[in-house]
Amino acid sequence: MKLTLGPVLYNWEPDAWRDFYFRIADEAPVDAVCVGEVVCSKRLPFFQDPVPEVVERLASAGKEVLLSSLALVTLGRERKQTASLAREADLLVEVNDITGLTHLDGRPHAIGPYVNVYNEATLSWLARNGARRVCLPPELPASSIEALAKCCPDVELEVWSFGRVPLAISARCYHARLHKLTKDNCQFVCGKDPDGLPTDTLDGQSFLAVNGVQTLSATYANLIENIADLADMGVVSCRLSPQAVDMVAVARIFRDVADGKLGPEEAQHALELVCDGTTFSNGFFKGACGAEYRTGAPAGPG
Amino acid sequence: MELICPAGTPASLRTAVDAGADAIYCGFRNETNARNFPGLNFSPEELTEGVQYAHFRGAKVLVAINTFPRAGALELWHKAVDDAVAAGADALILCDIGLMAYAAEHYPGTRLHVSVQAAAANPDAICFYVERFNAKRVVLPRVLSIPEIAAITRASACEVEVFVFGGLCVMAEGRCSLSSYATGLSPNMNGVCSPASHVSYENAGGTVVSRLGDFTINKFGSGEPAAYPTLCKGRFQTEVSTGYIFEDPVSLDAATLLPGLRDAGVTALKIEGRQRSRAYIENVVRSFREALSAMEQGRAVPAGMLLAMSEGQSNTLGAYRKTWR
């Protein structure tokens, strides 16, 4: 099983962002790393300078580097950013909105988790169109993942395996709305919440996390107990989505389980320590409510 | 501009046609459409009869097959496409790439409309569907302002349809798993959002608590009407503040924007609400038909004409007004 580190979804300080990737390059046992702004085009200018050195450091460390595109493209500048990324990048581009496919013109690329790949027909179509690797939507149950892996063994399938689950994207910025700012004058308040802004029910139950225009789960997805299941299905890679926790430690735990050096139960305990009490979920994979964590075998097709 | 009206039942279809709809959209009675609610939708035979009723009166029927087919179960969605074409549908409203490929290959003569569930929000994404699948129309996601819509109609080689009334998704459509996170059932996979099967209300000392699955979505004091717990229109708390952090319980009413939408080059106006009653459909369709007539005759479109029909008795212009963001 390979490990892929997804793009940082939060508005981290540029220096912290760069240092995070440097440490990943030097210490994390991951095979591939996605770099790029997926959530908000307004944040992009902050990361443009450090991107080249981050890419070089990761590549020198032997990581495959992918450049991730924006998940929602509406404005003119977002179209231009997406077009230039798709047309000019030397590295494999991870397409997170259909917009990118228009510009790739059949050249090899990756499909990110924000593109709706729910069935064999769509996966096959995308593969014929040049998709080499596909990170499946986190909502998919095990039965769908299994069917998709069977139908396209040539496509490297990846499954969302760790980190808050991206649940929705909007034109409206909820961080700006909460702080009574307009989106155009948002003062980048999302930067105050490097792991997302916890959003609870009126009963104080942990529920969601707001990240600018994106809404994520309060739970961290965690498929550490299901790595063997994923491998059996033919899944090639587990996606680890960066949270404000020790991601090198997270990667090592996943690596050790995938290599059979650590049992799932010990690994679960180790992850609990690293994640400092954040609740885990695997409900989507189990065909249940996404927020749940279920042990045992996933539900059958249905 | 064409007026595109919802029908959840054969009776609603006839009502909408009689009230002045240019086209009706509807779906089959299963998970192939995004309003997969108990007691709603059409059998293939009912659709055939509905198409005949509409065509006889000069109206069109558009069939929404706008969920994402489940892996291992493509036949159900293929059959929906086959049945819709056999019934004489004037267009298929699709969102899934694989299903569009199926329709374009097997029924190249049938018009393909890109569903709002595909969230094609710019000319490049629209161009993709036009070039690859010969799409004739795109239903725009509810994330765009009127100037942005105008830019899209100028740059796109297909017709543009926009929502003007009814329920309002605040998230980009077809890209939202909030409902399945709380209930296991989603618009994309099951054709339902915040499904009634997972809704409960509890009265605790004068406070009505509305819940979806295991999660409290809102609480209402005495005298406050208890709205349906649609997840993105609930009240939640953060360290910054507590309230309707995503959207207030409002619905869309863009009637006053009709001239702007016409000038933006919009081809068709869509009314949401296949789950609504015949009385609702009749009232909304007639009102919009009147508003369109008023506009064509150079009269002002009356504001708030449909206020009483809206969820929570208040409405919004949504993303059409840029400050909504």
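Select Cys193(B) first: this residue is buried because 23 C-beta neighbours lie inside 10 Å, where buried requires 20 or more other C-beta atoms within 10 Å of a residue's own, the C-beta atoms being placed from the backbone. The model is predicted, so that local features need pLDDT of at least 70 and side-chain atom pairs count only at pLDDT 80 or more, while totals for chains, interfaces and linings use all residues. Residues are numbered from 1 along each chain as its sequence is written, and chains are lettered from A and ligands numbered from 1 in the order in which they are written.

Cys193(B) sits in the loop between H8 and strand S8 (199–204) of chain B; helices (H or I, at least four residues) and strands (E, at least two) are DSSP runs numbered from the N terminus. Beyond its neighbours within four places in sequence, Cys193(B) is in contact (C-beta atoms, placed from the backbone, within 7 Å) with Ser179(B), Pro187(B) and Thr230(B).

Next, select Cys169(B), Cys176(B), Cys193(B) and Cys232(B), which an unreviewed UniProt entry marks as "binding site"; such annotations may be inferred rather than shown by experiment. They span 64 residues of sequence, yet cluster in space, with a largest C-alpha distance of 10.2 Å.

Move to Cys232(B), in the loop between S10 and S11 of chain B. Cys232(B) is buried, with 21 other C-beta atoms within 10 Å. Neighbours within four places in sequence aside, its contacts are Val170(B), Met171(B), Leu178(B), Phe246(B) and Glu247(B).

Finally, display both chains: 54 residues of chain B are in contact with 52 residues of chain A. Among the elements of chain B supplying at least two residues each to this side are helix H7 (178–183), helix H8 (187–190) and strand S10 (215–220).

Note on methods. Two residues are in contact if their C-beta atoms, placed from the backbone, lie within 7 Å. A residue is buried if 20 or more other C-beta atoms lie within 10 Å of its own, exposed if 12 or fewer, and partly exposed in between; C-beta atoms are placed from the backbone.
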